[in-house]
Structures are given as C-alpha cells and as structure tokens.
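I opened the notebook to look up a few residues, some ion pairs and a record's annotation. Here is what I wrote down as I went.

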Amino acid sequence: MVATPFSKKWWHLVSMLEIWLGILQGLGITLEVTAYGLVFAIPFALVFGVAQFLTTGMTRFLVTAVIEFWRSSAVVVLLFVFYYVLPVMGVTLSALTVSALVLGLNTGGYASQAVRAGLQSLPAGQREAGMALGLSRPAILLLIELPQALVTMSPTFINNLIQLVKATSLVSLVTLTDMTFRAKEIAQTQYDPVAIYSALLLAFFVVCYPIALAGRWLEARVNPERGTPRGI
C-alpha cells in the first residue's frame, strides 16, 4: 500500500499526539514542584519584602544580602550545590525538596521586591492617618498598607508564578521525572527533535496560559478601577 500525503500527515499528527501525551506523564512532578515551591516563595517574599521596607542600617543590609543571594545566584548552580554538595557535608535532601527550595526561594527573592515596591508606592498619608487613629505600626502595616499593596502586587505575583512553572524545566537535572525529563526520555527512543520539543513547548503553554488568564480575571476583580482586560 502506497502512503499518500494525507496519510503521512495523519500519522504525523498521531505521532505528535502520542509524544505530547507521553510528555504530560511528567505533569504531576511539574505541578508538585510548583505547589511545593510556593510554600517557600510566598512566606519568603512577604517576610523579607516587609523587612526590607521597615528596617534600616545594618539590619536592612543583611536582609538585602539574603534577598540578593537567592535572586542573583544561578538556579542551575544552586540545584547542583544543594543536591550534590550538601550530602558531602552530611545534609541530604530529596530531589523534590531541593527543587522546591531552590526554585521557591529564587522566585521569592524576585517577589520580595514587588512587596517592597508596593509598600513604598503608598503615600505617607496612609501611615500618618493610621497613627492619628492611635494604631500601632504593625497594625498599620497589616490593616492599611499590606491590603492596598497586595492589590498593586497581584500582576507581578502572577508573573512570578508563571516564571516558577517554567523554571521547573530545570529539575530534570536532579533526576526528577518532570515534563522536560519525559521529553528527553522520548528523544532517546525516537529521533524526532522537532516534534518532541514542539510538543514540550505546547505542554508548558497549556499549563502557563490558564494561569495568565486567571491572573487577568483576578486583577479585574481586586482592582476594578483599571477596568476589565479585553481579549485573550
């Protein structure tokens, strides 16, 4: 039976679908690392962002040093150090913990700057009004400043979340079977790099784009003054 151009295209589409479904077998690890990473990222961003906003002098220098360490260090190098070097010093962490810790704190370092900038963008009158009402400094921060700043930060937080999802493509370097690892496995048995890595690209798009849409919806709800974003 002679293969026609139509049948060739059909079987190519079937092959692409099989590759895509094979890559999605790593989706669970991708989502698990993302969720676990948020456990590190969110507290780090809030605590260090607020600390950088409130402190001065040597304390602020130390807070900034910690933020810059996680923000400025190469994620790949940190993954290797925490996974391969720490066991030499007697500290052994699982690949999942190392991945979530490194990616989460790296993302938290970036998000902390959004927290600081959001607080700094508020007019001083907000704080002065709270003081005039007899509120303590922590109460002013929790009841007046942070709620307003979080609205301003929400688009940046969504961007950071998408960056965290995309960064999970690195965890295959520490043996986790995520979507990128599955793509490499498939590439070892099928020499079709165009189809395999196009399918991997599509898989990450399918995961990240709904997050972007959810971010727009959330922004329109928490900050209606900016108007509802149009289009997709």
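I count a contact when heavy atoms lie within 4.5 Å. A reminder to myself: this is a predicted model, where local features need pLDDT of at least 70 and side-chain atom pairs count only at pLDDT 80 or more, while totals for chains, interfaces and linings use all residues. Residues are numbered from 1 along each chain as its sequence is written, and side-chain values use heavy atoms, with hydrogens and water left out.

**Entry 1**

I began with tyrosine 110, which sits in helix α5, residues 95-120. Helices here are DSSP runs (H or I, at least four residues; strands are E, at least two), numbered from the N terminus. Setting aside neighbours within four places in sequence, I found tyrosine 110 in contact with Arg71 and Asn160. Asparagine 160 is 50 residues from tyrosine 110 in sequence, yet their C-alpha atoms are 7.5 Å apart.

Next I asked: is serine 112 buried or exposed? I use buried for under 20% relative accessible area, exposed for over 50%, and partly exposed for in between (1.4 Å probe, protein chains only). Serine 112 has a relative accessible area of 0%, so it is buried. Tyrosine 110, at 42%, is partly exposed. Serine 112 is also in helix α5, and beyond neighbours within four places in sequence it touches Ala45, Phe48, Gly49 and Ile67.

**Entry 2: salt bridges**

How many salt bridges does the structure hold? I noted three, taking a salt bridge as a side-chain nitrogen of Lys or Arg within 4 Å of a carboxyl oxygen of Asp or Glu.

- Arginine 137 is partly exposed at 29%, whereas glutamate 145 is buried at 2%.
- Arginine 182 pairs with glutamate 185, with closest N and O atoms 2.6 Å apart. Arginine 182 is buried at 15%, and glutamate 185 is partly exposed at 31%.

**Entry 3: the UniProt record**

The unreviewed UniProt entry annotates residues 12-29, 35-54 and 196-218 as "transmembrane region". Positions follow the numbering used here, feature names are shortened, and annotations may be inferred rather than shown by experiment. I checked residues 35-54 and found 100% helix and 0% strand, with the end C-alpha atoms 29 Å apart. Residues 196-218 are likewise 100% helix and 0% strand, with 34 Å between the end C-alpha atoms.
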